[in-house]
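Subject: Structure for you to look at

Hello,

Here is the structure I promised to pass on. Please open it beside this email and follow along.

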Amino acid sequence: MAEIDHIVIGARTLEEGADYVAAHLGARPRPGGAHAGIGTHNMLLGLGSQVYLEVIAPDPNQPLPAHPRPFDLDDPGVKLMLEAEPRLIGWVARTPALEAVVTRLGAHQAGVIRPWSRGSLSWRMAMPPQNQDMRNLIPSLIQWDDGQGAAPRLPDSGVRLLALEAEHPEVEVVRNALAGRGLEDALRLRRSPHPRLIARFKRVDGTEAVLASG
């Protein structure tokens with residue numbers, strides 16, 4: 001059974017991303033580290049023992065990677081969007097059976113499994129191709145080598161993810177794609193002319209905040 005692992009905020013720089021999260025959620029992400037060979041680095045905010053928020057940005061201290069950076073960070077449209085401000089750009093679901101899911105769906109839908117690492121953490125990840133991600137509504141899949149991942153290692157910020165929602169003109173297509181990954185109940189789906197990912201949070205002071213992809 002797959003479940004939400006983390007949500008992803010894209011930014012031009014980590015500092016801009018951290019400022020954005022702090023302004024909206026009232027808590028500042030802590031430094032994560034570099035993804036060697038991937039061309040990115042991150043900061044992290046713990047949202048409890050099972051979920052966290054990641055701010056990801058191109059790492060200026062790494063050479064251009066052999067493959068495009070994750071979450072379409074090299075896409076001209078995404079780069080232009082992040083020039084304006086950081087933005088919710090995706091989410092990641094963890095599964096204990098990554099190879100089985102990718103084999104069943106095929107790389108053309110689920111993406112190619114690639115190894116990642118950061119410090120003492122290591123994992124494998126498959127990111128759906130851009131034409132199969134339905135504007136970032138379909139998540140990347142992750143399997144942590146230690147079976148736990150980053151969330152239990154992070155200090156708890158007190159901020160909580162209340163709900164992850166998706167809007168799309170073809171709701172059934174999105175629902176079927178999620179079901180194929182064991183994520184039938186992960187997102188609240190609504191029909192809308194414009195695809196959009198929405199994350200709802202509860203701040204430490206009890207007020208709610210919303211971050212969206214558009």
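Which side chain makes a polar contact with the side chain of D59? The partner is Q62, and the contact spans 3.1 Å. Before going on, please note that this is a predicted model.

Start with D59. This residue sits in the loop between β4 and α2. D59 has a relative accessible area of 6%, so it counts as buried. Its side chain also reaches a backbone atom, the nitrogen of N61, at 3.0 Å. Setting aside neighbours within four places in sequence, D59 is in contact with A34, G39, T40 and H41. M134 is elsewhere: 75 residues along in sequence, and 26 Å from D59 in space, C-alpha to C-alpha.

Now turn to H35, in strand β2, which covers residues 30–35. Is H35 buried or exposed? Its relative accessibility is 2%, and the cut-off for buried is under 20%, so H35 is buried. Its side chain has a polar contact of 2.8 Å with the side chain of T40. Another, of 3.3 Å, goes to the side chain of N42. Beyond its neighbours within four places in sequence, H35 is in contact with a list of residues that includes Q62, E54, W116 and W123. T40 and H41 are on that list, and D59 is in contact with T40 and H41 too.

D72 is buried but has no salt bridge. The nearest side chain of opposite charge belongs to R135, and it is 8.2 Å away. A salt bridge needs the atoms within 4 Å. Leaving out neighbours within four places in sequence, D72 is in contact with V78, Q130, D133 and N136.

F71 lies in the loop as well. F71 has a relative accessible area of 8%, so it is buried. Look at its backbone: phi is positive, about 60°, although F71 is not a glycine. Most residues other than glycine have a negative phi. N136 also has a positive phi, about 75°, and is not a glycine either. You will find N136 in the loop between β7 (121–126) and β8.

**Strand β5 and its partners**

How many residues of strand β5 are buried? Eight of its eight residues are, so β5 (residues 87–94) is largely enclosed by the rest of the structure. Strand β1 (residues 3–10) runs antiparallel to β5, and seven bridges join them. In that pairing, I7 stands opposite W91. Strand β8 (residues 140–144) runs parallel to β5, with three bridges. There, R94 stands opposite I142.

**The four-stranded sheet**

Next, find the open sheet of four strands. Their order is β10-β9-β11-β12, with mixed pairing. β10 (188–191) and β12 (208–212) are the edge strands, each pairing on one side only. From one strand to the next, the twist averages 25°. β9 (residues 160–168) and β11 (residues 196–202) run antiparallel and share seven bridges. One of the paired positions is E165 with I198 of β11.

Two helices belong in this picture. α1 (residues 14–25) lies across β11 and β12, at about 145° to β12. α5 (residues 171–179) packs on the sheet and touches β9 and β10; its direction makes about 155° with that of β10.

**Salt bridges**

How many salt bridges does a search of the whole structure find? It finds 16. Side chains of opposite charge can pair when their charged atoms come close.

- E99 and R124 form one, with the closest N and O atoms 2.8 Å apart. It links distant parts of the chain: E99 is in helix α3 (residues 98–105) and R124 in strand β7, 25 residues apart. E99 has 48% relative accessibility, so it is partly exposed. R124, at 23%, is partly exposed too.
- R160 and D156 form another, at 2.7 Å between the closest N and O atoms.
- R190 and E167 pair at 2.9 Å. R190 is in β10 and E167 in β9, 23 residues apart. R190 is partly exposed at 32%, whereas E167 is buried at 12%. Shared partners join E165, E167, R188, R190, R196 and R200 into one salt-bridge network.

Best wishes

Key: Residues numbered from 1 in each chain as written. Predicted model: local features only at pLDDT ≥ 70, side-chain atom pairs only at ≥ 80, totals over all residues. Heavy atoms only, no water. Buried < 20%, exposed > 50% of the residue type's maximum accessible area, 1.4 Å probe, protein only. Pairing = 2+ DSSP bridges. Polar contact = N/O pair within 3.5 Å; in protein donor to acceptor, adjacent residues only side chain to side chain. Contact = heavy atoms within 4.5 Å. Lys, Arg positive; Asp, Glu negative; His and termini not counted. Axes fitted to C-alpha atoms, helices over the stretch in contact; angles between N-to-C directions.
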